[in-house]
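This briefing accompanies a single protein chain.

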Amino acid sequence: MLRVSSQSEGFDANLKAITEEDVDAGVPFSSLLRQLTEATIEMRWGDLATFRQEAIETIGRQSTVDALAVASGFNGIVRVADATGIPIDSYEDDVGKKLRSSIGIDDFHYSSKSSRYG
């Protein structure tokens, strides 16, 4: 869905930026959005205040609110989906396998996430 939605907006996002910090996502203001998102998920409140103010000045108040809502919501949705064991249909599984392989997400394990985020 991420790949398709980015293409419909006239650009092709580089999804390797999800797992590789130094890769340009090809999304406007991607570096700022990454900083804002990571500060949110990692609960670094001082950094978040700084990045939030920078985002408000750069992309506007509503876009900043939208970005924070998506980051927060996505984090919660993924946890709920993982906890409930929602099955994936075969089409999504095939697409997902290709996507996970191309961006290296299969190398990411929850045990390392727990140690990073507490």
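A residue is called buried when its relative accessible area is under 20%, exposed when that value is over 50%, and partly exposed in between. By this criterion, the buried residues of helix α2 are S30, L32, L36, A39 and T40. The model is predicted, and its mean pLDDT over the chain is 78.

**Confidence**
- In the chain, 74% of residues reach a pLDDT of 70 or more.
- Confidence is lowest in helix α1, residues 2–8, where the mean is 52.
- Helix α3 has the highest confidence, at a mean of 96.
- Where pLDDT is low, the predicted coordinates should not be read in detail.

**Overall make-up**
- The chain contains six helices and zero strands, and its elements run α-α-α-α-α-α from the N terminus on.
- Of the 118 residues in the chain, 20% are buried.
- Among contacts in the chain with a separation of 6 or more, 40% are between residues 24 or more positions apart.

**The largest nonpolar core**
- Nine residues form the largest nonpolar core: L32, L36, A39, L48, F51, A55, I59, A67 and L68.
- Two or more residues of this core come from each of α2 (30–41), α3 (45–59) and α4 (61–84).
- The element that gives the most to this core is α3, with four residues.
- F51, a member of the core, is in contact with L32, Q35, L36, A39 and R44 when its neighbours within four places in sequence are left aside.

**Helix α2**
- S30 is found in helix α2. Its relative accessibility is 19%, and S30 therefore counts as buried.
- Not counting residues up to four places away in sequence, S30 touches D24 and A25.

**Packing of α3 and α4**
- The axes of α3 and α4 come within 7 Å and cross at roughly 135 degrees.
- Because of that angle, α3 is oblique to α4.
- On the α3 side, the contact is made by L48, R52, A55, I56 and I59; on the α4 side, R61, S63, T64 and L68 take part.
- Among these contact residues, L48, A55, I59 and L68 also belong to the largest nonpolar core.

**Residues with positive phi**
- F29 lies in the loop between α1 and α2. Although F29 is not a glycine, its phi is positive, at about 65 degrees.
- The relative accessibility of F29 is 45%, so F29 counts as partly exposed.
- M43 follows α2 and is placed in the loop between α2 and α3.
- M43 is likewise a residue other than glycine with a positive phi, near 55 degrees.

Terms used: Residues are numbered from 1 along each chain as its sequence is written. This is a predicted model: local features need pLDDT of at least 70, side-chain atom pairs count only at pLDDT 80 or more; totals for chains, interfaces and linings use all residues. Side-chain values use heavy atoms; hydrogens and water are left out. A nonpolar core is a set of buried Ala, Val, Leu, Ile, Met, Phe, Trp, Tyr and Cys residues joined through side-chain atoms within 4.5 Å. Buried means under 20% relative accessible area, exposed over 50%, partly exposed in between (1.4 Å probe, protein chains only). Contact means heavy atoms within 4.5 Å. pLDDT is the predictor's confidence in each residue, from 0 to 100. Axes are lines fitted to C-alpha atoms, for helices over the stretch in contact, and angles run from 0 to 180 degrees between N-to-C directions. Angles under 35 degrees count as roughly parallel, over 145 as roughly antiparallel, 65 to 115 as roughly perpendicular and the rest as oblique.
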